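Hello,

Here is the structure I promised to pass on. Please open it first, then read the notes below.

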Amino acid sequence: MYSRRLDWLDARPVVEGAKIRYEAEDADFARANARYAAGGASNGVVVGGIDFADSRVTFTVRVPRAGDYRLYTRFANGSDGGAASHTLTVNGVASGAVDYPVTGWDNWQVSERQVTLRAGDNLISYGKGAHYAEIDAIDVAHPAH
Ligand SMILES: [Ca+2]
C-alpha cells in the first residue's frame, strides 16, 4: 500500500523520504574541476581537485520546508594518507564535516549525515578537509513523518 505523504515543492509533488539527486558537476565549484569519463560515476562526471584551502563545491538545494534532512554524498577517496573529509557549510554556517573512508579512486560510495535546512533554497558547500576525495553527486532526502 502506498502510504507516504506528498509534499509540494513549487508546483511539483515530492514524496517524503525520496532522494533528490544533485550532480556535483552541475554545482557551483571553485578551485576544483570537473573530471569527465569517470568510471562508474553518476552522469559519468565528478568534481575533483578539491585540494586547496579555498576550494569549494556549492550545491543549491531547494526543499519544501524547514527541518532535518538526510544528506548522502557519493564520493571516492583514493588518498594514500587514509580517511578523508570535506568541511561542510550550510547557508554560510560551518556545519562540521563529511567523512570518507578509503575506497580507492573511482569506487563511488555514499557517506551519510544529517543537515538542517530551511524552506526554499539552501547553499550546501563542501571544502577541503583531511586528505583528498572527489564528489560525484549528493542526494537529499526529505524527512518522513
Ligand atoms: Ca556526477
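Start with β4 and strand β7 (residues 56-63): 3 bridges join them, and the two run antiparallel. Within that pair, Ala30 has Arg56 of β7 as its bridge partner. Two strands count as paired if DSSP finds at least two bridges between them. Strands are DSSP runs (E, at least two residues) and helices are runs of H or I of at least four residues, numbered from the N terminus.

Before you go further: this is a predicted model, where local features need pLDDT of at least 70, side-chain atom pairs count only at pLDDT 80 or more, and totals for chains, interfaces and linings use all residues. Residues are numbered from 1 along each chain as its sequence is written.

β4 and β7 belong to an open sheet of 5 strands. The order is β4-β7-β12-β9-β10, with antiparallel pairing. At the edges sit β4 (28-30) and β10 (93-100), each pairing on one side only.

Now the hairpin. Strands β1 (residues 6-9) and β2 (residues 12-15) run antiparallel, joined by 4 bridges. Leu9 has Arg12 in β2 as its bridge partner. The hairpin leaves 2 residues between the strands, and Asp10 in the turn has a positive phi of about 55 degrees.

Overall, the protein chain has 13 strands and 0 helices. Its C-alpha trace spans about 45 × 35 × 25 Å along the principal axes. Of its 145 residues, 30% count as buried, that is, with 20 or more other C-beta atoms (placed from the backbone) within 10 Å of their own.

Best wishes

Conventions
A residue is buried if 20 or more other C-beta atoms lie within 10 Å of its own, exposed if 12 or fewer, and partly exposed in between; C-beta atoms are placed from the backbone.
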